[in-house]
Amino acid sequence: MNVLPPPYTFDDDTEPMATSEGRPPVVEVLSAEKLFPNGTRGLAPIDLTIADGEFLTLIGPSGCGKSTLLKLIANLIEPTDGRLLWWRGDHRQVGQQGRRLAFVFQEPTLMPWARVEANVRLPLELADMPGVKAAPLVEDAIARVGLSAFSQHYPRQLSGGMRMRVSIARALVTQPHLLLMDEPFGALDEFTRNRLDDDLVRLWWERKLTTVFVTHSIYEAVFLSTRIIVMAAGPGRIFRTMTIDEPQPREVGFRDSPKFAAYCRELSTWLAEASLPRSGGGEA
Ligand SMILES: Nc1ncnc2c1ncn2[C@@H]1O[C@H](COP(=O)(O)OP(=O)(O)OP(=O)(O)O)[C@@H](O)[C@H]1O
Ligand SMILES: [Mg+2]
């Protein structure tokens, strides 16, 4: 499902800026921590600033708090302590300011009884957008994920990769300013995943759409991201940060380059360290 906390206005068609220079950060996580009611420490206090236009990836061993941090950024869960700012302001005000965010989960969770077009239109319907205004947005979002020829199909008539594309179109249709994705391609085969990664890079670049992405794949993290955060568990925390300072948008050939291999090797070493019991911890 995609999250679109009301009330959102759709009158502000703010175009994303070409660079983050002079633009306020999109998200600031200020010493935010999460203690679950059952006593589990999901997250130790975390400080994190996400710049406009960044493609930030969270990676780390299972249970290290990636989903918890993503949900905290989306304000789907409240921090036990600390604060969250969106666009330098109180996140509760953001909807009224024409800022929107969208959340894509690992499962596409489409309505099986509705055609692709209706599935993609859902967030606009929930926001009471008139049909005439919604129609071109829906058409555009479906075209962006390459499914124009399938808009009248039902989910059961689509492959897993295509269903995930529908889910992404449903996120894009709201023209979000912040896109949050929790292992969206985790259930797909590697070939399909690579194709979707190529498309995601293009979509991100076209709109300079600030994105926070969770994955277990080292290759996917290096290919997509401008910055990667390696998290460690016990309790969930930022272990190390890697900047991928390579030309954008990433070309398919980047995957075959020696630099790509070097990034992957280093990230793999860090992940192994982060997975050790009570791993060293602290920011590198
Ligand atoms: N609602 C909850 N109540 C209690 N504990 C929770 C809750 N949600 C998550 N946790 C715990 O918080 C920790 C972090 O969980 P989280 O789901 O964020 O990990 P993750 O890094 O996303 O793992 P995975 O890679 O398996 O998806 C884990 O110990 C988990 O058991
Ligand atoms: Mg998770």
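How far from an oxygen atom of ligand 1 does a polar side-chain atom of K66 lie? The distance is 2.7 Å. This is a predicted model, in which local features need pLDDT of at least 70, side-chain atom pairs count only at pLDDT 80 or more, and totals for chains, interfaces and linings use all residues. Residues are numbered from 1 along each chain as its sequence is written, chains are lettered from A and ligands numbered from 1 in the order in which they are written, and side-chain values use heavy atoms, with hydrogens and water left out.

**Ligand 1**

- Around ligand 1 there are 14 residues, and S62, G63, K66, T68 and H216 come nearest. A residue is near a molecule or strand if one of its heavy atoms lies within 4 Å of it.
- The side chain of T68 has an N or O atom 2.5 Å from an oxygen atom of ligand 1. C64 takes part through its backbone, with a polar atom 3.2 Å from a ligand oxygen. A polar contact is a pair of N or O atoms within 3.5 Å; within protein, one must be able to donate a hydrogen and the other to accept it, and residues adjacent in sequence count only if both atoms are side-chain atoms.
- Ligand 1 taken alone exposes 630 Å², and the protein buries 62% of that. Accessible areas come from the Shrake-Rupley method with a 1.4 Å probe; for residues, only the protein chains shown count as cover.
- Helix α1 (residues 66–73) gives the largest share of the shell, three residues. Helices (H or I, at least four residues) and strands (E, at least two) are DSSP runs, numbered from the N terminus.
- The shell has three nonpolar, nine polar and two charged residues. Here Ala, Val, Leu, Ile, Met, Phe, Trp, Tyr, Cys and Pro count as nonpolar, Asp, Glu, Lys and Arg as charged, and the others, Gly among them, as polar.

**The four-stranded sheet**

- Four strands form an open sheet in the order β2-β1-β4-β5, and their pairing is antiparallel. Two strands pair if DSSP finds at least two bridges between them.
- The edges are β2 (41–50) and β5 (89–90), each with a single partner strand, so one side of each has no neighbour in the sheet.
- β1 and β4 run antiparallel and are joined by five bridges. In this pair, V27 stands opposite W86 in β4.
- Strand β4 (residues 81–86) also pairs with β5 in the antiparallel sense, over two bridges. There W86 stands opposite G89 in β5.
- The hairpin of β4 and β5 has two residues between the strands, and W87 takes a positive phi near 45°.
- α1 lies across β1 (27–35), β2 and β4, at about 55° to β2. Axes are lines fitted to C-alpha atoms, for helices over the stretch in contact, and angles run from 0 to 180 degrees between N-to-C directions. Contact means heavy atoms within 4.5 Å.

**The six-stranded sheet**

- A mixed open sheet of six strands has the order β6-β7-β8-β3-β9-β10. Both β6 (101–104) and β10 (237–243) stand at the edges with a single partner strand each, so one side of each is left without a neighbour in the sheet.
- Its neighbouring strands are turned by 15° against each other on average, direction ignored.
- Strands β3 (residues 55–59) and β9 (residues 227–232) run parallel, joined by four bridges. I59 stands opposite V230 in β9.
- α1 packs on this sheet too, touching β3, β6, β7 (178–182), β8 (210–214) and β9. Its direction makes about 155° with that of β7.
- Helix α4 (residues 160–172) lies across β6 and β7, at about 165° to β6.

**Backbone exceptions**

- Most residues other than glycine have a negative phi, and most peptide bonds are trans.
- The bond from G234 to P235 is cis, with omega near -15°. P235 is in the loop between β9 and β10.
- The bond from Q248 to P249 is also cis, with omega near -10°. P249 is in the loop between β10 and α7 (258–275).
- Q175 is not a glycine, yet has a positive phi of about 50°. Its loop runs between α4 and β7.
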